[in-house]
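This report describes parts of a structure for a reader who is new to it. The sequence and the structure come next.

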Amino acid sequence: MATENIVIIERDDERFPESLRAITDAPKRLHCIGDVSLLRAKSVAVVGARRATDYGRWAARTIGRRLAESGVCVVSGMAEGADTAAHIGALEGGGKTVAVLGCGIDICFPTGNKKLKREIEEKGLVVSEYPPGAPGGKFTFPRRNRIISGLSAAVVVAEAGVASGSLITAEFAVDQGREVYAVPGNINRLLSAGANKLIRDGARPLVLIDDLLADLGAGAKYAQNDPTDLAEEERAVFNLAKRCGEVTIDEAASLLMRSVASLTATVTLLEMKGVLSYEKGRFFVP
Amino acid sequence: MMSSVLTASLCGLDAEIVRVETDLAQGLPYFALVGLPTMMVKESKERVRSAISNAGYDFPMRRITLNLSPADTRKDGSHFDLPMAVSILAAEDLVDLDGYEDAAFFGELSLDGSLQRSEIGAALVLGLKEKGIRKIFLPEENVPELSLVDGVEFYGARGLRSVADHLNGYNHIEPRVYEGAYSLALSEPDMTNGDFSEVKGQERAKRALQICAAGGHDLAMTGPPGAGKSMLASRIVSILPPLTKAEALEVTKIYNIAGNLRDKNRLIQTRPYRAPHHSISYAALIGGGCVPMPGELSLAHRGVLFLDELPEFERRTLDMMRQPMEDGYIDLSRVGYRNTYPCDFIFIAAMNPCPCGYHGDPEHECRCPESTRRRYIGKVSGPLLDRIDLHLDIQRVRYSELSGAGRAVSSAELYEGVMKAREMQRIGNGERDGRTVLNGDAGVEPSEERLAMDAGAEEALRRAHLVFGISARRSAKMKRVARTIADIEGSGAIRAEHMAEALSYRQKEEAEL
């Protein structure tokens, strides 16, 4: 990793974001690679469990994308699972994203995210308070969470179990006076317990992504992805997905009384139009 | 005092004619056997000596030299007993070979002179027939299993004595000739593994298997435990067209040589379905041994090879499969041997999405860290997965579906589509070596005309290239799969819906997940 393109911003530097300077225990300096102006952009943190379920990943990715499309910068921790999904979503939305690392800025952890890290360095910003080469430790990762919330106007918890690091971020956010949103999940699922508890304790339930955008004043760029140029059978499949959430091809075929073969074709066509997503045997409206 | 008798020795799947020559000379009693016999053949001397005596003849008290010609190839097997005994008797003028100079003999003798069934009988007979032999003396018990071999006179004998008597003109053995042999098993699909209608709520997977069966494509299924992956895979034999006569003999030959003829008295009439466990060694999978024997790949020839829990197989073992899968045959070389066995099969792989199996399952929580999951999937090498045409994610069926809301499509319905597609392919792709060229056949490039797409299909493929990042190589695969789908639907050109369906079976990149 080339160390020459690392920009070091001290706390008294004017590029150092006000919002971060104001928090208790603000970092002394930030090591940055990428577009430093993003430190002062309007940002929202999207975080979640590392072992996120498909649902959690979907939520993080979709929220990330919608925020990016509305011109809001997405801040996250580049960890596995939900964080990664949030970054990917933001990049998909053609927007800006900031990754705050818990280790030296030249270290990629998890190593599987090398490609993502490079992409964020090019199109967004990677930040760390630790000097290059510093290995991540047990305490550094939870500690960097204060920077994630510090950089953001609001924190969205996409999915969290009972002892998730995302809850720490939420706690920091509350201390720092940021709004906390949590994506509700099934009440019988361990991995939703953390996020649901946040809602019980006063976080805003994120039921419509548009609400979040409205709260930020970003405004919904477009109301709901509701394509107009669909053939009749495509419309039927799309409406079914909208109504039922996740549907398997088999279920849809028997509900719409069509053959599995032709339904598969329709779903793939819709997928290519970007109207549906098909993953692990189920399709849904992204 | 010389005689010579014909028999065969196997090298790989092919047989080579061997001439057993005997010379009786004056001198001290001695029995010399030359012509590169293996240990097994050398032991024949003792059996032949006793068998001749116990059949009621005097063993010649002379200097016997027995040569297995050509003398430069290794001879292996216990079936040389009968030709050796007949050759000795003929040299001593105890039997008369007049009129049977062009006949071949094989069979293992007991000490009492009776003939034992030969495990490799079918392989020997097929080899001999190929070399132009039309009369064969063999153990009586071998005759029924040869019912598909026509145009050959089979003299099934109980023992050495009955062979000798026949040659000498009394106690005539009525030769058995199978003409225009017909077998019921070769006209209907094989239902022994069950019917697809017994699998509820996996209609999409069944459709994928129908495409595999129709076009000879390979399939990789990913899904949690209990989704019914092996249940689905095993039923593919119920929608495959029955073996042709030539194919049945080819497969029987392989099983013969591997010593795997399950039903002792019959030839193999159903498509092989091989599902080896993941602890299998590479030698057992691709073939091996100091005299190379066919492995599971060859035993699945003309049938289906199903590997469950693909990432659990040793990586080295899996990588060995790549070349043979591409070529349709496997070359095994050992000191003194070089055997080629065919292996042309439909490959079906099943795997869990992660070690715990529940990644992506809506009802169970996956306990695997991302890195563990990636390592697990990464155990299967890219090039192997790349060779597979259809990739399918399957889910466990919810109870409400199991209890039967929807109708489960049956094997008979799927079979109809498969046969229609095979006929379309026969007309469109033509035949090679007496077999229809299938869209999924690796070495064959389908003609431009066959891959003609209408505007909608072109557009779908173009979009897929942009949206899914389908590479040129993949799109060639997708075209083949779309062609098969069009064949099932009986369509001349590939239309948009065929292409779109084919694209749903694309291999998803990790980044797409």
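Which residues of strand 11 (residues 219–222) of chain B point one way, and which the other way?

## Basis of the model

This is a predicted model, in which local features need pLDDT of at least 70 and side-chain atom pairs count only at pLDDT 80 or more, while totals for chains, interfaces and linings use all residues. Residues are numbered from 1 along each chain as its sequence is written, chains are lettered from A and ligands numbered from 1 in the order in which they are written, and side-chain values use heavy atoms, with hydrogens and water left out.

## Strand 11 of chain B

B:Leu219 and B:Met221 point one way from strand 11, B:Ala220 and B:Thr222 point the other way, and all are buried. Buried means under 20% relative accessible area, exposed over 50%, and partly exposed in between (1.4 Å probe, protein chains only). Strands (E, at least two residues) and helices (H or I, at least four residues) are DSSP runs numbered from the N terminus. In a regular strand the side chains alternate between the two faces of the sheet.

Strand 11 of chain B pairs with strand 18 (residues 346–351) of chain B in the parallel sense over 4 bridges; two strands pair if DSSP finds at least two bridges between them. In strand 18, B:Ala349 stands opposite B:Ala220. Strand 19 (residues 390–393) of chain B also runs parallel to strand 11, joined to it by 4 bridges. There, B:Leu390 is the bridge partner of B:Leu219.

## Helix 4 of chain B

Helix 4 (residues 121–130) of chain B is largely enclosed by the rest of the structure, because 8 of its 10 residues are buried. Among them are B:Leu124, B:Val125 and B:Leu126. The buried residues of helix 4 pack against several elements of chain B, including strand 1 (2–11), strand 2 (14–25) and helix 8 (245–258). Just after helix 4, B:Gly132 takes a positive phi of about 95°.

## Interface of chains A and B

In chain B, 33 residues are in contact (heavy atoms within 4.5 Å) with 26 residues of chain A. The two chains bury about 2,800 Å² between them, 53% of it on carbon and sulfur atoms. Buried area is the accessible area (1.4 Å probe) that two parts lose on being put together, summed over both.

The rule finds 1 salt bridge across this interface. The side chains of B:Arg506 and A:Glu271 meet in a salt bridge (3.1 Å, N to O), a term for a side-chain nitrogen of Lys or Arg within 4 Å of a carboxyl oxygen of Asp or Glu.
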